[in-house]
Amino acid sequence: MPTPLPVTVGLQIMGSLRPRFQNIELGGWSSLFFEIRIAEALPEDLFPEPPKDATGYTDAQLEALLAPLPGCQLTIGILDAALDDGYYMRRLSGNRAVISTHEVAPLLIDRGYRIQNFIYRNVYQLVIGFLRFEGQLPSTTERKLAHTPTRGCVFDWNGNREDILNSLDSPTLCAACREHVRLTVVHHLLGRLMSELARIWKPVLMRAAGWIRNKVDKHPWLAIIVPVVGGLVLNLAASALYDWLKPAAAPPRPQGQHHAAGHVSSDGRTEADRTGLPRRRG
Ligand SMILES: [Zn+2]
């Protein structure tokens, strides 16, 4: 029986996130393919330490810590601690998975990416996997879903930590992964899926900064020309603003011109005195 859309995805913070990420909003993403439900975070004081002979939390520990969320087809835990063997995501049994922000968080902060980009990118991978296997997401030990080449695809393996950045700003599905989607119940919605992925953007300011950095990398002379031209433009703008704001000065009077009313003549009387016009006040 085809899996109805949207897939209900329960997100649960496991313990707590570092202070920088504590106020993240994860429920606002609109998708035709999944609906996010935020569960109450697991209490951090109940968390055991990882085994001493492991480099982080093991699958066995995660299986015990993350219970399926009621009413959710997929349960995804978000953990700000290391996973064993340096993974950032593990698929568990029973349509559960854990995403770790531990390794990538400093990279995201340093490069101006939002943590939501990382979470949504992984949620799409899990939801597509869930649909591809007709509602039975295979565990990481059962099946590898990602591919080794880095293509900016949500199924990139990302063996090097920095490679994850290729699929956090307008990620896509590569040709091979699109073929997988064409075999699922959402084959007719591939275009919609691609457009939703393209909406996972870096903040506009960070995109602009990246664009400028790329231009300067390609044309180093811009690093000199742009500040000089920018400084000139700012100077001109400041001068124009000053001229516009300063009080209007009285125009120079030509020699021999008739005195206007109110002007003091050589005998100490004003034109108004001679003509009998009333004196102006002020
Ligand atoms: Zn791919």
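**View 1. The largest nonpolar core of the predicted model comprises 46 residues.** A nonpolar core is here a set of buried Ala, Val, Leu, Ile, Met, Phe, Trp, Tyr and Cys residues joined through C-beta atoms within 7 Å, a residue being buried if 20 or more other C-beta atoms, placed from the backbone, lie within 10 Å of its own. The residues with the most contacts inside this core are Val9, Leu74, Ile76, Ile78, Val123, Leu126 and Val127. E1, E2, E3, E5, H3 and helix H5 (190-198) each supply at least two of its residues, and H3 gives the most, with eleven; helices (H or I, at least four residues) and strands (E, at least two) are DSSP runs, numbered from the N terminus. This is a predicted model, in which local features need pLDDT of at least 70 and side-chain atom pairs count only at pLDDT 80 or more, whereas totals for chains, interfaces and linings use all residues. Residues are numbered from 1 along each chain as its sequence is written.

**View 2. Helix H3 (residues 115-132) lies across strand E1 (7-13), E2, E3, E4 and E5.** The helix runs at about 150° to E3, with axes fitted to C-alpha atoms, for helices over the stretch in contact, and angles from 0 to 180 degrees between N-to-C directions. Not counting residues up to four places away in sequence, Val127 touches Val7, Val9, Phe33, Phe34 and Leu74, contact meaning C-beta atoms, placed from the backbone, within 7 Å.

**View 3. Five strands form an open sheet in the order E2-E1-E3-E5-E4, with mixed pairing.** Strand E2 (34-38) and strand E4 (89-91) are the edge strands, each pairing on one side only, where pairing requires that DSSP finds at least two bridges between two strands. The twist averages 20° from one strand to the next.

**View 4. Strand E3 (residues 74-79) and strand E5 (residues 96-100) run parallel, joined by five bridges.** Thr75 stands opposite Arg96 in E5.

Key: Two residues are in contact if their C-beta atoms, placed from the backbone, lie within 7 Å. A residue is buried if 20 or more other C-beta atoms lie within 10 Å of its own, exposed if 12 or fewer, and partly exposed in between; C-beta atoms are placed from the backbone.
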